[in-house]
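The following note sets out several points on the model under review.

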Amino acid sequence: MAHGTQYDLPVIADLVQFDDQSGSLLERLVFNHRAIVMILCALVTLVLGYQATKIQLQAGFEKTLPKGHDYVLNYQANKNALKGLGNNLRIVVAVKEGNIFTPDNLKFLETVNDEIFFIPGVDRNGMKSLFTPNTRWRMVTEQGFEGGPVIPGDYDPNSPKSIAEIQLNMVRAGILGDLVANDLKSMTIVVPLLDKNSETGERLDYAALSDKLEEVRDRFTAEDPDKSIHIVGFAKLIGDLIDGLFAVMAFFGVAVIIATVLLYLYTRCMRSTLMVILITLIAVVWQMGILATLGYELDPFSILVPFLVFAIGVSHGAQKLNGVLQDIGRGTHRYVAARYTFRRLFLAGVTALLSDGVGFAVLMIIQIQVIQDLAITASIGVFVLIFTNLILIPVALSYTGVGKVCAERASHVPKSATEMHILWRFLLSFTKKGPASIAIALSILMAVGGLYVARDLKIGDLDPGAPELRPDSRYNQDVSFMIDNYSVSTDVFAVIVKTEENGCIDYEGMSLAGELEWRLRQLEGVEDVSGLSIRTRDLMMGLNEGFPKWEALFRNQDTINYSVTELANLDYVDPGCSIWAMSIYLSDHKAETLSRVVDTLEQFNDDWPSADIEFLGAAGTAGFEAATNIVVEKANREMLYYVYGAVILLCLLTFRSIPGVICAVLPLMLTSILCEALMVWLGIGVKVATLPVIALGVGIGVDYALYVLTVILAKTREGKDLTTAYYETLNFTGRVVALIGVTLAAGVVTWSLSPIKFQADMGILLTFMFLWNMIGALILMPALAVFLIKPADPAKVD
């Protein structure tokens, strides 16, 4: 038999003539014991289905950090001394009429403050607001320094004099624009969060915390529409994302319906369509069950993976169903048709799934746990599909078969060019040199244009607020409220200043801190800088009757010692006088803003190396985002190298043809280039949420190439010319590639309506990649084959 004639197996109408011992060992093992296979799969489904009910939707602050980056390592090593720079909430309580300094409004603020104080998971010792005792004022008088809490112990809410004293203390404490709004209409409560619930000892549940905060907000604002509460911070963002994931579930249902309808319109066989969809859903159940058994959870990023697994499963299931349809239509018994389909497509299917798995697995190189969890979640799903969609679907079809009319319709082959569908005639034209040359030339032009546009691709967030949510979301409206009413930004980049014990009083170290501060203040996007060195200068001015001329760092060591001692009581430095934070308040957390700060810090350390004091990056929300951007930028290219390297190797093992590998990979590369250009055009940066899409597009896109090119190569090795080979491929696997490309794109395009912005971005990018990979496989790949793949000499074919 000639190489590749497995695609032209003889029609066997009588099941008795079929040899059960033919085929590979795996085929015999599966189909000669198919009843056992079905029973085992049913039992596994019951067990894993029960386990899947235990899967939890959760997220953790530290899971989003690049755990191997120096910034995060520095923070982890010193976080006990860096109060307020980790996982915090900022809760603003506002009034619309008047200002907060009225008896009723102060009582309202105090009540909300107390309610927040007792929420499980709040670090009560670190909580800070107008009403907490750690918010203190200090001033210089004729008798020396005086100070105390902003709200004194003898505060009388009904006394105008007492309220006036609070306003004076607020000014003395320097918290206007920080804890109190510039227009005096709102107060901020800074709420540090614990990693674990102090009451139960369990990990902090962000969904429950968000629900509690919303309950507090609704209860207090419903009583008086003049009042409002605004909440920002990682925990609230995750809570809002989790709330939005219920919409994701709805989109998953829409995708299932779309896939079912389109697959039915192709097959016109309801029982086989439902069987493929059902078994693919079983794969998702197995995936969830395995994850729950291994102790994994779903988070707002990995929640999208089950859909991708479903989409990949439908793709492979449709190919198996198409093969069985065509064989039964030619008169083959359903059992034999199922075995032939398994025999023809199992290797291509496994290779395709391995490519998908590689696309997921390479994400493990990114040292951010949420991405690594996504990679593990997806890899498990792909592993499961080998059993469900490559094995279980053919076995199930060997029992159910397909409708006779549907099978005859699927196996119909046009007898002449005029009978051929116009789309088929259009695709076949690219097996001729003229159209093929035009297609290749246009592809080169698009690649050049895409590379030119992609030069402007940015790393990180490109918009203010939380880019994971829509600009008009409640969370981003709360962010806008804080930006408009407070001087202090929520985007804080904290440089960790570290010395030997008691080294924070060293004059040289303080001077270097002043030099760094000056450089940072010159940067665009830096609104303010605060820390021990700045407050020391302020205190020294106070020691000299508040005269601005003396706002400087004195060389007198006793004066420095006195100032630092006073500030140590206000938590500006740790008790060992060796670690303090220089907080840089930024106008936003855009990639350019963060890059300027990072570059300035690195340049400063190069210019002023010191063995006595270190200026380390970084803590604070902006510091962590800067570290994430650095890791993502490095991983972006590395990831593509690994993905393409693995895909090339798998294609080479499958095709055993270097020209075939070139034909398969070049269209994928074009899609990657155009995807990056599309990201620039849509204003989407490369970040944690979008980075996986680029890798997944390559892994999933190669599925098309494998199913199309495997058959083309087999036909050309039989001596058939490229046009004939491609025509027979279109009638076998090619039309299903077109079906699946449209089905997958139709499923994910609905994500663009999601309230979760990063899901909408992923939906747009995946829609583009699914469609463009399909176009590449059906047009560019045969066009390249015209010049790279030559048919075997018929005289030399056995």
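1. In this predicted model, helix H9 (residues 305-329) packs against helix H22 (residues 691-717) at an angle of about 0°, and their axes lie 12 Å apart. The two helices are therefore roughly parallel, since angles under 35 degrees count as such. H9 contributes Leu 308, Ile 312, His 316, Gln 319 and Lys 320 to the contact, while H22 contributes Leu 696, Ile 700, Asp 703 and Tyr 707. By class, the residues of this contact comprise five nonpolar, two polar and two charged.

2. A general point bears on such patterns. With 3.6 residues a turn in an α-helix, residues three or four places apart point the same way.

3. Helix H6 covers residues 206-223, 18 residues in all, and reaches 26 Å from its first C-alpha to its last, close to the 26 Å expected at 1.5 Å a residue. At the start of H6, a side-chain oxygen of Asp 205 comes to within 3.0 Å of the backbone nitrogen of Ala 207. Ala 207 is itself buried, as are Tyr 206, Leu 209, Ser 210, Leu 213, Glu 214, Val 216, Arg 217, Phe 220 and Thr 221 of H6. The buried set thus includes the charged residues Glu 214 and Arg 217.

4. How much of helix H17 is buried? Nine of its 12 residues are, so H17 is largely enclosed by the rest of the structure. The buried residues are Leu 532, Ser 533, Ile 534, Thr 536, Arg 537, Leu 539, Met 540, Met 541 and Gly 542. H17 spans residues 532-543 and extends 16 Å between its first and last C-alpha, close to the 16 Å expected at 1.5 Å a residue.

5. Val 30 belongs to helix H1 (residues 25-31). With a relative accessible area of 6%, Val 30 is buried, because that value falls under the 20% cut-off. Leaving aside residues up to four places away in sequence, Val 30 touches Val 37, Ile 391 and Val 395.

6. For the protein as a whole, the model contains 24 helices and nine strands. The C-alpha trace spans about 110 × 55 × 45 Å along its principal axes. Of the 798 residues, 58% count as buried. Among contacts with a separation of 6 or more, 81% are between residues 24 or more positions apart.

Methods. Residues numbered from 1 in each chain as written. Predicted model: local features only at pLDDT ≥ 70, side-chain atom pairs only at ≥ 80, totals over all residues. Heavy atoms only, no water. Helix = DSSP H or I, 4+ residues; strand = E, 2+ residues; numbered from the N terminus. Expected span 1.5 Å × (residues − 1). Buried < 20%, exposed > 50% of the residue type's maximum accessible area, 1.4 Å probe, protein only. Polar contact = N/O pair within 3.5 Å; in protein donor to acceptor, adjacent residues only side chain to side chain. Axes fitted to C-alpha atoms, helices over the stretch in contact; angles between N-to-C directions. Parallel < 35°, antiparallel > 145°, perpendicular 65-115°, else oblique. Contact = heavy atoms within 4.5 Å.
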